[in-house]
Amino acid sequence: RIKTIYSNIYFKHIDEKNYYRFKDKTPKNLYPAILKLELFKMINYKKIICFDVDTICLGSINYLLINDFAFAAVQGGDNYNKIINNSSKFNRNIPFNTGIMVVGHQMLSIKNYNKLINFKGFAKTADQSILNEFLKFYPVYSLPIEYNFFADIFHNHFKNHKVKILHYKGPKPHLKKFQPLASFWNDFTL
């Protein structure tokens, strides 16, 4: 259905063999997210915008398309005010959420990919743990909250924003149909 709206969407088959070693280093329910590391091998692109499968686009994403970021994501966590204060600027050593990521050509390389898949330790939040560690001292652009709005924890602030991308990072709306903001998902998928 999405290809009828955006003709330039690309779905890539991933050979999992490079990722099996993460099966015991990642919570079972998050293991599929490790496969997002594959995008760092896609070196023939100017930019990759990666959406988690539990997101829904509610508005224009032109901002993500026209800006030239090396790496951009919304700050992670549950502190609404901190996320707002750190938005729209470069930050170092501030955890980010990988539900929506913009990865520019500057970051796309086999060298970076190899560093990422050779991560040592437990990846509590899968790709997010690995990328936060890898980019800890790199200036990451903190996207405005509207581009990865956490439905589960910020639903009380929804009317204060022109949300472009809604992210159900907590309970999934197809499993919990009456949670806050689930109607957007349920209306879209029917």
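1. Let's start with the cysteines: the disulfide count here is 0, where a disulfide is a pair of cysteine sulfur atoms within 2.5 Å.

2. Cys50 is buried, at 12% relative accessible area, while Cys57 is partly exposed, at 33%. (Buried means under 20% relative accessible area, exposed over 50%, and partly exposed in between, using a 1.4 Å probe and protein chains only.)

3. A quick word on what you're looking at. This is a predicted model, where local features need pLDDT of at least 70, side-chain atom pairs count only at pLDDT 80 or more, and totals for chains, interfaces and linings use all residues. Residues are numbered from 1 along each chain as its sequence is written, and side-chain values use heavy atoms, leaving out hydrogens and water.

4. Now the whole fold: you'll find 8 helices and 8 strands. These are DSSP runs numbered from the N terminus, with helices being H or I of at least four residues and strands E of at least two.

5. What about burial and contacts? Buried residues make up 45% of the 190 in the protein. Taking contacts (heavy atoms within 4.5 Å) between residues at least 6 apart in sequence, 69% join residues at least 24 apart.

6. As for dimensions, the C-alpha trace spans about 40 × 35 × 35 Å along its principal axes.
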